[in-house]
Amino acid sequence: MKKKTFNLLFIIISGALLLIILEFDLLEKYGGLSLIPIMLAYFLGQFSERKFKN
């Protein structure tokens, strides 16, 4: 998967996840903490792309 495609797909998925969290009113209490797993998943994806690139 190309890097631009991966970035766009990740932005869409993370935006949808944040909207779901917002609907359940969890974003007010844990707004900053909800970004940590999203950013961790993004950077792990970037790392795995570099490490396991074909």
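A nonpolar patch on the surface is formed by I20, F24, L26, Y30, L33 and I36, which together have about 650 Å² of accessible area. Patches here comprise residues with over 30% relative accessible area and no salt bridge, nonpolar side chains being joined within 5 Å; a salt bridge is a side-chain nitrogen of Lys or Arg within 4 Å of a carboxyl oxygen of Asp or Glu. Areas were computed by the Shrake-Rupley method with a 1.4 Å probe. The structure is a predicted model, in which local features need pLDDT of at least 70 and side-chain atom pairs pLDDT 80 or more, whereas totals for chains use all residues. Residues are numbered from 1 along each chain, and side-chain values use heavy atoms, without hydrogens and water.

Helix 2 (residues 27-51) contributes the largest share of the nonpolar patch, three residues. L33 lies in helix 2 and is exposed, with a relative accessible area of 55% (exposed, over 50%; buried, under 20%). The protein chain contains two helices and zero strands, assigned as DSSP runs of at least four residues for helices and at least two for strands.

Along the principal axes, the C-alpha atoms fill a box of roughly 40 × 15 × 10 Å. Of the 54 residues, 15% count as buried. The protein chain exposes about 4800 Å², of which carbon and sulfur atoms supply 71%.

Notes:
Patch = residues over 30% accessible without salt bridge, like charges linked within 9 Å, V, L, I, M, F, W, Y side chains within 5 Å. Buried < 20%, exposed > 50% of the residue type's maximum accessible area, 1.4 Å probe, protein only.
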